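Grab a pencil and work through these exercises one at a time. Try each task yourself before you read its solution.

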Amino acid sequence: MTALSGRMVDGEHRYPLRVFYEDTDAGGIVYHARYLNFAERARTEVLRLAGIQQTELRARYGVVFALRSCSVDFRRPAVLDDLVEVRSRFTSLKGAKLTAAQSIWRGNEELTRIDVEVASVRDDGRPTRIPATVRVALEPYLQSMEQG
């Protein structure tokens, strides 16, 4: 499972993926919204590496993570069949909020920068503190990412 979930390198989560036909327009260029999908997959997989399954989070605590805000800086386009890598660093973990700095790379070329704020919310959509066990599981990733 760890290979499918990516790997940690110098305090940064790295998640490889291939650009498929379904990710692109008729010209073979990745749709702008797909970058957000790629980033979300990577965030899910770093949680998995920390031992956090989102289905268990909801079943056990009645909590899900929802994207609250994001900022995207498109620099270069990814294209059909590219092998890209999503690089993620958690930058803050406070109360009901988790923030991350993510970027998408093709080799040594940065394609996109994405800053996200994710909220921990209950089933009714109201924010709630991130459960203590989840905080404990994420703290080592946060600490190493802040230092890296």
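**Exercise 1. The pocket**

How many residues line the largest pocket, and which lie nearest its centre?

*Solution.* Before we start, note that this is a predicted model, where local features need pLDDT of at least 70, side-chain atom pairs count only at pLDDT 80 or more, and totals for chains, interfaces and linings use all residues. Residues are numbered from 1 along each chain as its sequence is written, and side-chain values use heavy atoms, with hydrogens and water left out.

Step 1: On a 1 Å grid over the protein atoms alone, a pocket is an open set of points where a 1.4 Å probe fits, with protein on both sides within 12 Å along at least five of seven lines; lining residues have an atom within 4 Å of a point.

Step 2: read off the lining. The largest pocket is lined by 13 residues, and Arg43, Leu47, Gln54, Phe65 and Val118 lie nearest its centre. Two or more lining residues come from each of helix H1 (32–49), strand S3 (63–74) and strand S5 (97–106). Here helices (H or I, at least four residues) and strands (E, at least two) are DSSP runs, numbered from the N terminus. H1 gives the largest share, 4 residues.

**Exercise 2. Leu17**

Work out whether Leu17 is buried or exposed, and list what it touches.

*Solution.* Step 1: find Leu17 in strand S2 (residues 12–18).

Step 1: check the accessibility. Buried means under 20% relative accessible area, exposed over 50%, and partly exposed in between (1.4 Å probe, protein chains only). Leu17 has 7% relative accessibility, so it counts as buried.

Step 2: list the contacts (heavy atoms within 4.5 Å). Leaving out residues up to four places away in sequence, Leu17 touches Phe38, Arg41, Asp82, Leu83, Val84 and Val86.

**Exercise 3. Two salt bridges**

Compare where the partners sit in the Arg7–Glu85 and Asp82–Arg106 salt bridges.

*Solution.* Step 1: recall the idea. Side chains of opposite charge can pair when their charged atoms come close. A salt bridge is a side-chain nitrogen of Lys or Arg within 4 Å of a carboxyl oxygen of Asp or Glu. The whole structure has 18 salt bridges.

Step 1: take Arg7 and Glu85, whose side chains meet at 3.5 Å, N to O. This pair links distant parts of the chain, with Arg7 in strand S1 (residues 7–9) and Glu85 in strand S4 (residues 83–94), 78 residues apart. Arg7 is partly exposed because its relative accessible area is 41%, while Glu85, at 14%, is buried.

Step 2: now Asp82 and Arg106, which meet at 2.6 Å, N to O. Asp82 sits in the loop between S3 and S4 and Arg106 in strand S5, 24 residues apart. Asp82 is buried at 12% relative accessibility, and Arg106 is partly exposed at 21%.

Step 3: look around Glu85 again. Glu85 also bridges to Arg87 (2.9 Å, N to O), and both Glu85 and Arg87 are buried. Arg7, Glu12, Arg14, Glu85, Arg87 and Arg89 are linked in a network of salt bridges.
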